[in-house]
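Hi,

Here's the structure I said I'd pass on. Have a look first, and my notes follow below.

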Amino acid sequence: MQALFGQLLVGLINGSFYALLSLGLSIIFGLVNVVNFAHGALYMTGAFFAWIGLSSLGIGYWPALLLSPLAVGVLGVVVERTMLRRLYQLDNLYGLLLTFGLTLIIEGLFHHQYGNSGNSFPVPEALQGGSNLGFMYLPKYRAWVVLVSLLVCFASWFVIERTKLGAYLRAGTENPRLLQAFGVNVPLMMTLTFGFGVALAGFAGVMAAPIYQVSPSMGSSLIIVVFAVVVIGGMGSIFGSIVTGVGLGLVEGLTKYLYPPAAATVVFAIMAVVLLLRPAGLFGREK
Amino acid sequence: MSATELLRVTDLHAFYGESHILHGMDFTVNRGELVTLLGRNGSGRTTTLKSILGMVGKRTGSVMVNGRETVGMAPHRIVQLGVGYCPEERGIFASLSAEENLTLLPPVGSGGLSVEELYEMFPNLRERRKSPGSRLSGGEQQMLAMARILRVGAKLLLLDEITEGLAPVIVQALGRAVRSLKEKGFTVVLVEQNFRFASKLADRHYVVEHGRIVDTFAREDLEKSMDKLQSYLGV
C-alpha cells in the first residue's frame, strides 16, 4: 500500500509539472499559433537561473521563484519581438523549426558552460522535512509543489475564462485579425502572451530545481511527454491541458506500481489511442 | 481636405498575396453621410472595407480617415481614429458570451452608447446576454455586431451586408436602427446586396466593378437612373 501511494505521489508531482508546462504551451499555441518547441529548454533555463542565482549571487529559493520566471519571460519577449514575429505570415512549421533551433542553442550554451552533470539545489529551509500520514510519508516540499502548481493553474484558468483580460485572449485565439480590426493591439498581446507562457515554464523550472537535478538536458526529457499531454488534452484547450497533465501524471504513477516496464510508454500509448478515436484531443474542438 | 470629409479614399489598390483585388478606388464620404457601395458579388466591396481597416495583405494609394493618412498604419491604430467595423460574417466570438462580446471592444472615441441604451435599442440582446456567442441566432448576432461598435464611440461605421440572410422583420428593425444612427450624426459606409433596403437610407450610391468605382448616383437621381443602375447590378 505504501508503494502504491508513493508512486501516486510521484505521479501527482510529475503531473503538476506536465500541467504547468502544457498550460503555457496551450496558451501560446492558442493565441500566437506557434508550437513552442523551446518550452522545455526555457523550463531548464528557469531552473538554471535559480541555481546560478543561489550558487554565485546568494539569491535564495523564494526570490528566485519570482525573479527567475521574470527573466525567462523577458527572454521570451525578446525572442518573440526579434524572431518569431517575422514568421507569423508563414506556415506554423517555421515557428516550430525556429524554436527547435533555439532549443539546441540554449541547451548547447548551458552544456558548454556547466557540463552535463546534474547540480543539486537544496530544498528551502521552511519546506524541509515531512509528515507521516499513516499510509505514506509526505515530504513537505512535494506537497508544496503540487499545491502551488494547481493554484497557479487554477488562477490562470480563472483569469482566462472569467475576466476581461481573458476575454481578449479567447477572442484573439478565435480570430486575431478581427480582434485587431476592433482596435485591440493584438501584436502586443501576442508578445505578452508568449512572455507569460514561457514564464510559466521558467516557474516550473524553479519549482523542479530542488526535486530533479538541474542539468542542461532536464527539459528535453520532460518536454516529449508534455507534448504528448498537449496532444491528448487537445491543442489550445486550457482546461484540457490542466486536467490531462495531472491525470496522465497519475496514470504514469499507477502504471509504475502495476507494471513498471510500461511506465515510460503508457502516455504515448494513450496518445496513439486518443489520436485514433478523437484526433482533436479529449478537450479540443475541431478547427 | 475639407472639414466636412471624414473618409477620402484615393487611388486605392489592394492585394491578397499575388492577387490584385482593388484597382484604384476613389471615393469620399462626408461627415453625417450614409453612402452605399453597390455591385455584384466579387466586385471588391468587402475588400474595400477591409482595405480601409488595413486588413489586406498589401495596399497602396491613400486612405484619409478624419484627416489622417492611414496607409502604413496597423489596423488597431486605424480603428482608434474612430472607426467601427461590422464584418460580413458578423464576427461574433463563439467562446465569449453575448455580453462579453458586447463589452469586449476598447473605446475608440467619446460619446459611445451605454450598455443599457443598447439593450433598449436591441431588447433581444438583454435576454440573451449570458448565452455564448455560438448559440445566438443570425439576427441576434447581427444586432450584437451592430451594438458593440455603437458602444465604443466610433463615428465612422463600416457595415458589410448587415441584412444578408435575415428575416424581413429583422431587416426592418435594422433599417430603423441605421436610420436612427444617421439622425444621430453617424457616418456610414454600407455594403449592401439588398438594394431596396439601401435605397431608402443612402445619400449616395457608388457602383463598384472590378475593384474600382464606375459610377455614382445621388439619392435624388435614383428614380430616373434606375435602368442604368439595374444593368450594373444585373438584376
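In this predicted model, β6(B) is joined to strand β7 (residues 156–160) of chain B by 4 bridges, and the two run parallel. Helices (H or I, at least four residues) and strands (E, at least two) are DSSP runs numbered from the N terminus, and two strands count as paired if DSSP finds at least two bridges between them. If you want one pair to click on, Cys86(B) has Leu159(B) in β7(B) as its bridge partner.

Both strands belong to an open sheet of 6 strands with mixed pairing, in the order β6-β7-β8-β3-β9-β10 (chain B). β6 (83–86) and β10 (212–218) of chain B are at the edges with a single partner strand each, so one side of each has no neighbour in the sheet. On average, neighbouring strands of this sheet are turned by 20 degrees against each other, ignoring direction. Helix α6 (residues 138–151) of chain B packs on the sheet and touches β6 and β7 of chain B, its direction making about 175 degrees with that of β6(B). Axes here are lines fitted to C-alpha atoms, for helices over the stretch in contact, and angles run from 0 to 180 degrees between N-to-C directions. Contact means that the C-beta atoms of two residues, placed from the backbone, lie within 7 Å.

Zooming out, chain B has 9 helices and 10 strands. Its C-alpha trace spans about 45 × 40 × 35 Å along the principal axes. Of its 235 residues, 42% count as buried (20 or more other C-beta atoms within 10 Å of the residue's own, with C-beta atoms placed from the backbone).

Now the contact between the chains: chain B puts in 18 residues and chain A 14 residues. On the side of chain B that touches chain A, α2 (75–79) and α3 (98–104) of chain B each supply at least two residues.

Housekeeping: residues are numbered from 1 along each chain as its sequence is written, while chains are lettered from A and ligands numbered from 1 in the order in which they are written. Local features need pLDDT of at least 70 and side-chain atom pairs count only at pLDDT 80 or more, whereas totals for chains, interfaces and linings use all residues.

Cheers

Technical notes
Buried ≥ 20, exposed ≤ 12 C-beta atoms within 10 Å, placed from the backbone.
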